[in-house]
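Take a look at the model below.

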Amino acid sequence: MAAAAPPPAAVLEQLSKTKMFGGHNLRFRHQSAALGCPMTFSLFLPASPASKLPVLYWLSGLTCTDENFIIKSGAQRAAAAHGVALVAPDTSPRGLNVEGEADSWDFGVGAGFYLNATNEKWKNWRMYDYVVKELPKVLTDNFEQLNTSCASIFGHSMGGHGALTIYLKNTDKYKSVSAFAPIANPINCPWGQKAFSNYLGTTKSEWEEYDATLLVKKCNTLSTPILVDQGEDDKFLAEQLLAGNLEEACKAAGAPLTLRMQPGYDHSFFFIATFIDDHIAHHAQFLKSG
């Protein structure tokens, strides 16, 4: 009996292309099998390289789309200098018209929390599978200049939570991780509790699978330092972000963490843009070393 044919490559619709620092910002739409709806992602491709480009995924925070980071962060200058491609997915499924999906800014549309929902109502909210499995395949199938097997991941706020948890669950897939003001201990903050109770139900063991502070305690073989920048004037620090909990967990687990508390900085893209070059340099050293 003949083997089944592989699934066809995703069909990409290019939405825009702009030149920047010798490379190009590109934006695409495709039909997502994981999420059951069309999805957009943004991609910065540095100028044509001599060898395949490593990939650095950016995960955005609450209310963002794939465009916020590309437009506001200024990351392309450092990415071009280091020869690293940037990939920014959207933050949730869109257009599914699930009852209540747009009732609040911190849940539903624009608030996928980079998990796989188990509540039937929210079954399409599978951003974990989209980021970890589907999007890398879409990139591999469509961009021969990318080396998706050489990848790192970072993000901001909800996206910092996503980057940390995805990395800690897949240290074989990513070379390094960093975060700006991540939701570091979501089972103990209002944003996380609202999202997890709706997406995952009441089983707390399922919540723990998406909490960086708890996941790091299970990782006793981490050797690559985790970089986290946190603004000291961030109004969400004490109630929602809980960077100190992650710091304590890393110390207890012997996990290498560089937590930089930045005096005077808040939760905004002004903060991200200030330190983005440091983060790209952090990832480039590991992406280029193997």
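## A strand covered on both faces

Buried means under 20% relative accessible area, exposed means over 50%, and partly exposed is in between (1.4 Å probe, protein chains only). β4 spans residues 53-59, and seven of its seven residues are buried. Strands (E, at least two residues) and helices (H or I, at least four) are DSSP runs, numbered from the N terminus.

This is a predicted model: local features need pLDDT of at least 70, side-chain atom pairs count only at pLDDT 80 or more, and totals for chains, interfaces and linings use all residues. Residues are numbered from 1 along each chain as its sequence is written, and side-chain values use heavy atoms, with hydrogens and water left out.

## The partners of β4

Which strands pair with β4? One is β6 (residues 146-156), which runs parallel to β4 and is joined to it by seven bridges. Here Leu56 stands opposite Ser152. Another is β5 (residues 85-89), also parallel, with three bridges. Val55 has Ala85 as its bridge partner there. Two strands pair if DSSP finds at least two bridges between them.

## The listed active site

Which residues does UniProt list for "active site"? The unreviewed entry gives Ser157, Asp234 and His267. They are spread over 111 residues of sequence, yet they cluster in space: the largest C-alpha distance is 10.9 Å. UniProt positions follow the numbering used here, feature names are shortened, and annotations may be inferred rather than shown by experiment.

Each of the three sits in a loop. Ser157 is in the loop between β6 and α4 (158-169). Asp234 is in the loop between β8 (226-231) and α8 (237-241). His267 is in the loop between β9 (257-262) and α10 (269-287). Are they buried or exposed? Ser157 is buried because its relative accessible area is 3%. Asp234 is buried at 5%, and His267 is buried at 15%.

Contacts link these residues (contact means heavy atoms within 4.5 Å). Leaving aside neighbours within four places in sequence, Asp234 is in contact with Ala181, Leu241, Tyr265, Asp266 and His267. With residues up to four places away in sequence not counted, His267 touches His156, Ser157, Ala181, Asp234, Phe236 and Leu241.

## The largest pocket

The largest pocket has a volume of about 230 Å³. A pocket is an open set of points on a 1 Å grid over the protein atoms alone, where a 1.4 Å probe fits, with protein on both sides within 12 Å along at least five of seven lines; lining residues have an atom within 4 Å of a point. The volume is the space filled by probe spheres set on the points, which are joined across faces, edges and corners.

The lining has 16 residues, and Gly61, Leu62, His156, Ser157 and His267 lie nearest the centre.

Most residues other than glycine have a negative phi. Ser157 has a positive phi of about 60 degrees. Tyr114 also has a positive value, near 55 degrees. Tyr114 lies in the loop between β5 and α3 (127-142). Tyr114 counts as buried because its relative accessibility is 0%.
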